[in-house]
Amino acid sequence: MLRIGVLGAARIAPAALVDPARSTSDVQVVAVAARDRDRAAAFAAKHGIPTFYDGYDKLIADPDIDAVYNPLPNGLHGRWTLSALDAGKHVLCEKPFTANADEAHVVADAAKASGLVVMEAFHYRYHPLFQRAVEIVRSGELGAISRIETTLCFPLPLFSDIRYNLGLAGGAQMDAGCYPVHMARSLAGSEPEVVSATAKLHKPGVDRAMKSHMVFGDVRATVTCSMWSTSLLKLTAKVFGSDGSMRIINPTSPQTGFHRMTVEVKGNKRVERFDKRPSYAYQLDAFAAAVRDSTPYPTTPEDAVANMAVIDAIY
């Protein structure tokens, strides 16, 4: 049994961890911690978690916890992942991995030295839909790839939200844009050079939207993200090659029922469909397998360093 504790009573935790854990027999969410004791107690009672703590350090020190799920604000990811590693815990860390590439290097070095599993929680990367997308690109079916376009735009006009807090590493490129950057890198299978980037600012230092252009060798890529712009809701990944194209609607949606993959090659169009198991469940399977059997996984600390380096270059 892999026993996991949750740092923070975060809104994402039920869908990302608590619910998937209920569907597997070898993972159990055993504790939650929050800075406020009442909030931790309420979260534990609502989700059937047996233990709660009024402090992240108390949960990390619990010897009966094997791994920590870290969905804290972006600017706290690095600090508390390092604390968990110091205590001998494996870590499933929400994206973006850290506040910048320098901090990501520190965490990656600590993870390597510890021998523990540290996984960045790009859940979409573990779903068969995106695994199939990568397979199609690598197969050569689309011909020579010339262009990649990835987009994640959603409306968040609540400007008091922590995702607009510069001190907590907020901003559209950090919170939303880490996804399309990762998608472009995953599809290209290499690292880019950022050519240009244009931001729309909410306030100095905090972007509400960003569009960047980069090149992966001969492949041009456009990465677009926003938390508040004229593109209210747009979630897509597109790949264009000499023989055809692939388009995915909602590639980062946890539920496959909201996905759609269309492949068109030499005038022949097809739609590929996938089961409706949530991407978070596939991610938890991969995390447990990495801990239990040292099974390789794609969203490693080294991959996280590379993703943060692209985000730094965009800024």
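Helix axes here are lines fitted to C-alpha atoms over the stretch in contact, and angles run from 0 to 180 degrees between N-to-C directions. The model is a predicted one, in which local features need pLDDT of at least 70, side-chain atom pairs count only at pLDDT 80 or more, and totals for chains, interfaces and linings use all residues. Residues are numbered from 1 along each chain as its sequence is written, and side-chain values use heavy atoms, with hydrogens and water left out.

Take two helices to start with (DSSP runs of H or I, at least four residues, numbered from the N terminus). H1 (residues 13–22) packs against H9 (residues 279–293) at about 70 degrees, and their axes are 9 Å apart. That makes H1 and H9 roughly perpendicular, because angles of 65 to 115 degrees count as such. Where they touch (heavy atoms within 4.5 Å), Ala15, Ala16, Leu17, Pro20 and Ala21 of H1 meet Tyr280, Ala281 and Leu284 of H9. This contact has eight nonpolar residues, no polar and no charged ones; Ala, Val, Leu, Ile, Met, Phe, Trp, Tyr, Cys and Pro count as nonpolar, Asp, Glu, Lys and Arg as charged, and the others, Gly among them, as polar.

Next come the pockets. On a 1 Å grid over the protein atoms alone, a pocket is an open set of points where a 1.4 Å probe fits, with protein on both sides within 12 Å along at least five of seven lines; lining residues have an atom within 4 Å of a point. The largest pocket is lined by 36 residues, with Arg11, Ile12, Pro71, Arg163 and Asp175 nearest its centre. Its lining splits into 20 nonpolar, seven polar and nine charged residues.

Note on methods:
Angles under 35 degrees count as roughly parallel, over 145 as roughly antiparallel, 65 to 115 as roughly perpendicular and the rest as oblique.
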